[in-house]
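Hi,

Here is the structure I promised to pass on to you. Have a look at it first, and then read on for what turned up in it.

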Amino acid sequence: MQNPRRSQAKGRRLYRDVLNAFGAEFGLMFVLIFGGCCSNAWALESTTKILPASGSLLTLVQFAATALVALVGQLEWHTVGTWTIPCVKRPVVPLRRWIVQVVLYYATSLLNNSAFAYHIPMSVHIVFRSGGMVVNMLLGWAVDNKRYSVLQIASVAMVSIGVVVATISAAQPAQTTTGSTEEYVIGVLLLSLALISSGTMGIFQEHTYAMYGREHWHEALFYSHLFALPLFLFNWQSITRQIKLANATQLQWIGTQEMGVYVPSYYIVLLLNVLTQLLCVNGVNRLTSQVSSVSVSLVLVVRKAASLLISVVWLNGSKGNTSLWGGATAVMLA
């Protein structure tokens, strides 16, 4: 007969090991999300300041880089005769589900990045996208028949009010130095459509992981970016125009005094944008595979509040205004 004390000790060790692994995994997720995504917000604002109307080019480079990096984890080696060749692993999740997710993810990224061409300030961009939690809860109620408590509904209402207040505050003359009211409305409309697309994608991802298991986040990362690349062919004229504009940005010397090269300044901040985006996307996909879409939105709301501080106080050297900070505080408290 097995010794009860030894069995209990073994159980405690197993519990401790699982808890440590769980804590380490979530610790890594939060480092990637808060470190990578906050840095990406800084890089994104720097990129769009140099060339605001570069949303398509920016999205294309982000997707191509992410697909290339994620490919490494999807390769396995097979021996054919005397040759050892790399092959892509057989997907666990049916490709048709990844294709649906690709369309939603592509639409969300393109809409968000395109909004900068309509002079939407980064502060509003950050706060407005925090409304994703509202969309996730509404879709959860409508699609999955989920029910929420009064406190949760009140919190969502506060998020909505905060988003509206912060968005309107940036439309005031003191906040916008370029662009017309009509352009601002179009930019807000693009962000609204991106919220709906993102919320739908969150519910769809949750269903996929529930059906096929939550350990396939890396597969999702690879296919969601790889399958989106052909979609950019529909926008190739805009991308070509944006490349010409990027090439025309001010040249900056990269290298030492003896050796180096002049590079258009846009590509330098674009490289920083892509590197930080890789960290951010990695962390978000890891988190998505572990918790519900509403919980993911909650974590991202807190992250966006940190990004708002970076954007308004550090990058723009501004103290903001009462409406902007009131809206941001309402979002954070909710």
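**What I found**

The protein chain has 12 helices and four strands. Please keep in mind that this is a predicted model.

Starting with the chain as a whole, buried residues account for 43% of its 334 residues. Among the contacts with a separation of 6 or more, 79% are between residues 24 or more positions apart. The chain exposes about 17800 Å², and 67% of that area comes from carbon and sulfur atoms.

Next, the hairpin. Strand 1 (residues 75–80) and strand 2 (residues 83–88) run antiparallel and are joined by six bridges. If you want a place to start looking, find W77, which stands opposite P86 in strand 2. Two residues sit between the strands of this hairpin, and G81 there takes a positive phi near 65 degrees.

V80, W83 and I85 make a nonpolar surface patch of about 330 Å². V80 belongs to strand 1.

- S39 is in helix 1, which covers residues 4–50. With a relative accessible area of 32%, S39 is partly exposed, because this value falls between the 20% and 50% limits.
- S238 is in helix 9, which covers residues 236–247. Is S238 buried or exposed? S238 is buried, because its relative accessible area is 14% and buried means under 20%. The side chain of S238 also makes a polar contact, at 2.9 Å, with the side chain of Q242.

That is what I have for now. I hope you enjoy exploring the model, and do write back with your own notes.

Best wishes

Technical notes:
Residues numbered from 1 in each chain as written. Predicted model: local features only at pLDDT ≥ 70, side-chain atom pairs only at ≥ 80, totals over all residues. Heavy atoms only, no water. Buried < 20%, exposed > 50% of the residue type's maximum accessible area, 1.4 Å probe, protein only. Polar contact = N/O pair within 3.5 Å; in protein donor to acceptor, adjacent residues only side chain to side chain. Contact = heavy atoms within 4.5 Å. Areas by Shrake-Rupley, 256 points an atom, 1.4 Å probe, with all protein chains shown as cover. Pairing = 2+ DSSP bridges. Patch = residues over 30% accessible without salt bridge, like charges linked within 9 Å, V, L, I, M, F, W, Y side chains within 5 Å. Salt bridge = Lys/Arg side-chain N within 4 Å of Asp/Glu carboxyl O.
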